[in-house]
Amino acid sequence: MINQSFLFISLSFLEEKTVWLSSFVFMAMSLGYTCQAVFLSISPIALNDLIGSNSTQLSYVESHPSSSPGLYVGTVEATDDDNDLDAYILQDVRPKDMLTIDHETGVIRVGRISSSGHQGSYSFQVGAIDFAGHVTTAPVTVYLTDKDRGDNGVVSYFLLNDFGKFTIHSSNLHGQISTTMVPALGLWPKSYIPLHSMKLNVKCFAYFSTFNFLTFFFRVPLQRLDRDGEDKEFYLTVVARDGGFERHQDSCSFKVVVDDINDNPPLFDRQMYEETISTDHIVGTPVLRVTASDRDSGSNAEISFSLQGNPDDMKYFAIDSDAGIITLTSPLEKSMGNRRMFEMRARASDKGSPVLWSTAEVRIQVVSSDDLPPTIVRQVPRFPEVWENTTENTDVLTLCARSNIADSSLVYFTLLNGNTPDTNSDGTFAVRRHEDSEVCHDSTGVTVFVASRNLDYEMIQEYSLTIQIVNDRNARLEKKLQVSILDVNDNAPLLQQFDGSVLENVDSMLITTIQAHDKDVSPHFRQLRYSFDPMASGDVRQKFALKSNGELWTTEPLDREEFKQYKIPIRVTDGVPGHERMTIYWITVQDLNDVPPVFDHLNGIYEVELPENREVGKSTGVKLAVEDSDVVNLFEYQIVEGNGEQKFRIDEVTGEILVNKVLDYDHPVYDRNFTLRIRVYDGANPPAETDVIIAVTNVNDLQPVFEKSNYTFSVTENTDCNVTFGKVSALDPDLPNSVDQNMLYYLSPIELHNFTIDSKTGDLSLKGCLDRESAKKGIMTLYPRANDEGGRGHDADPATVHLVIQDLNDNHPHIHLPENGYAKIMENLYPEDVESIVIKLDDVDGGDHGCPCTMEFDPGTPASWLEKFSLQIGGGRSTYRLIPVASLDREEQKVYSLPFVTQDRTGRRGIRLLTLEVGDENDSPMSDGRSEIEVYNYQGQFPSTVIGAVYMTDLDDFDLDDKIFEVDETTSSNVANYFKVDRKSGNITMFKGTPAGLHFLRVKVYDMLRVEAAIGEVSISVVDLNFSSVMNSGSLTLADVKSQQMLRTNKVKHLHQVGRRCERLKEEIARIHEIPPKNVDVFNMQDVEGVQIRYNCHGSPYYTAERLMGSS
């Protein structure tokens, strides 16, 4: 528990070149020990060469006396404005070498472990040295800790009252009270200086018997502190609570004083000061006084005054720097009367850093000696006071004045409102004419009264009022009035909530010190008295004692089994009726661990069946239930017997039993039945033990296997049709062989084209017949599959079935050579110059059904062909030679399809064809030709492209390489500008932008081999397509042809035939739609898996697209 004496924490701002080495620790012990402050030191050290060292308290865990050296303890850090930090050192470490420090990084580690026992803490000094030899030190305390485990070691913190200014961050590390903008170590750079700062590290430790320190730190992110307002001091109470089932907790309270920084400039009570002075005013006497105030405190609120202005004006006046009194320093001339005005500015500067200031205008009017300002003759009372709870319209003082004008006694009073609340900026006071002649007699009077209820002693203790008095000659006088505010006990104390705890069976002890906060400033109004509220029960009054200073004690040992929690109503008062406040304090009696644990077999699960495929790391399903009436238990579980192969493991904290290694039901020695002996220990009492039985069950975890990996069966081609030819069989290793294996057999979709399999028996059958010659080497291979559990389990690796197809003689011999039954002989060659064509026969039927084979001309061969060819037996088995006996002419016959009768050794015969092509040469004369090309252009968008080729008459097919094409000079120049003819290929390119109409192109064609020339005339019709013709178009696709084949070929002499191909397409479209071919326009061709053609049909108007595409 925490000794609740308030500890004063000063929150001070650091000046440059000053190092603060501050340490502050207070501890709380939760097992009945009285808290004591370990150390408290605040020592500023000024250095010429700055080094800043952060004081700290460190801790490390020592779980066993033999903790190894090198264990990390903590890190210290120093900063140096000169950036010449040299090294860190340790001083006064006892025992020597117990701790070490890295001289460069400041890391502290465990050094040599002492053999003479261990302390709860070690205190020493850490130092920082720079290269100039400057040294600064700070105290450090290291605590040995042994932390609770699990939720019991997780600590949360909260403030009983954060005043909307503070928040607390939970951490098991040491913490700090600081503003969020302030760095945690060293000094604050100028660029990061906050308006309000809290510089002193504050540690609060909840101290357990095992040296476990629960720490916290504050930060202030909610609202910025303002000492110049109400944020002058705070009383904070922090509660530390662990995460156990019945939580342990403690608290500490302290006073936080907000120190001042210079963040407010001085403010004059008025923006302008005006005064009159007579020409005979005595030198050295006061003229007027300026006043200013500063909301800051200390030196930040000390004000120095000065004057600024024209030197000609300044030489007549001086100002007292402390009092603000302006004095005449030079005599005035009579000529200045009613003519001279002095104008200056008064400046008020504070003594803070940086210096803040403000100015006010000063005007002094010189009047003749007979134009004196009014004179104050009486003030009642001389020292006015008013209670802070004074009501409105209450008179405060009366002021009487004489005009000093013989023929006019009128005097006018004005209360000047200043710039700050204490100078009446908010109109707290006002004036009214005083009518009582007994007070002022032969003078004029005014009364100052309370105009609004703004009085608050806790905010302003004294008001400085300025009254301006003017006569009919505008001669003025200003009078300063000080009005003191008297304090009233008008604030009731505020109790902070608290939930505490105390250990059972402990003698009388201090629980906490109740603290309340009273906003009244006067000390005699803050004398608080604490007592039990009348609603406190007799039992509470018997077992607890409350001192008048707020200390709450137990008077006797408490028994948790009697009461777990006490409700204690506390009352506080400052002595004023109606200022009593009451809060309920809940005190929990903490448990001692004195009952041994017992396994609960009624609510637990101790026998389970576990499938063998349960994954490693997964739960077994065992549920251990433990009864222990103690609340504070740290159960520790372990398996002590029956786990020789380490197949299982147990979570020592939760007691959950998990699979540790792979289980296998088919390993009967270890993996079928387990009896585990489980032990639980609560850390203090004898352990309990029980048996857990785990039965491992079999699962389908093995892949089925075919009895044979390879099967061979046979059938006869074209004979064994739709027959069962074999059977496959698979076994499940998870089942005995004597039982039904529950297997599902199946084939792939491709195999099902020719075969079927019985899904239950594995019988294989044919679909239809097989052809041996269609199978590679007369063998077909298939891969039957099997799945256990009737198709819901595992797949077996496929078996391999070879099906041998027995041969029948059902094929006659075919031509094996030349390849593909094709040969070529050039035209115009003499027979003796032609190499004979070798023909070799073969038979797909094998063995006795195949070759040797014979062949001869078919009797139906044309006689003219027989006159050109001779067939002779060749030099090899089943080999013949075809010999031409006459010269061939391609222009007479391009291709011969020669029929032969072939026969195998058994007499099976049939017809085979040999294709013989006559090769072309350039041997035909060339003559003029004429062609027509039609081009469709949609809105002038037709790009530059090839539209066709030049045509001339030539029977040769493959002589284009011998040709050269040139535009004839007789072609119109306009036409030549729109078209281009390729010199080598004769292709015609039409340029983009060619106008619609009929264009004639004449092209000279030269045959360089035959030295011949011809003219090719091309008529090109360019037709414009309008929008309607395109939108009302149809489409069709021609397979196995390309757009270039529709437009032209590489054979020049056939270009007219290509043109007729397009015409034939138009004629066919016209026939379908029953219109003339001239009404059909084919205007687009695109190669898309063939050629896609768009066309339209027109009469008047265009046929719709729906009609062209066949829609109704």
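## A tour from sheet to rings

Start by selecting β42 and β45 (residues 565-573), which pair in the antiparallel sense over four bridges. Here two strands pair if DSSP finds at least two bridges between them, and strands are DSSP runs (E, at least two residues) numbered from the N terminus. Zoom in on Y530: its bridge partner in β45 is V572.

Before moving on, note that this is a predicted model, where local features need pLDDT of at least 70, side-chain atom pairs count only at pLDDT 80 or more, and totals for chains, interfaces and linings use all residues. Residues are numbered from 1 along each chain as its sequence is written, and side-chain values use heavy atoms, leaving out hydrogens and water.

Next, widen the view to the open sheet of four strands, ordered β39-β46-β45-β42 with mixed pairing. Its edge strands, β39 (499-503) and β42 (529-532), each pair on one side only.

Now show F544 and Y566. They form an edge-to-face aromatic pair, 5.2 Å centre to centre with 70 degrees between the planes. (Rings of Phe, Tyr and Trp, its six-membered ring, pair if their centres lie within 6.5 Å; planes under 30 degrees apart are stacked, over 60 edge-to-face, the rest tilted.) F544 lies in strand β43 (residues 544-546) and Y566 in β45, so the pair ties together parts 22 residues apart in sequence.

Then select Y711 and F713, a stacked pair at 6.3 Å centre to centre and 15 degrees between the planes.
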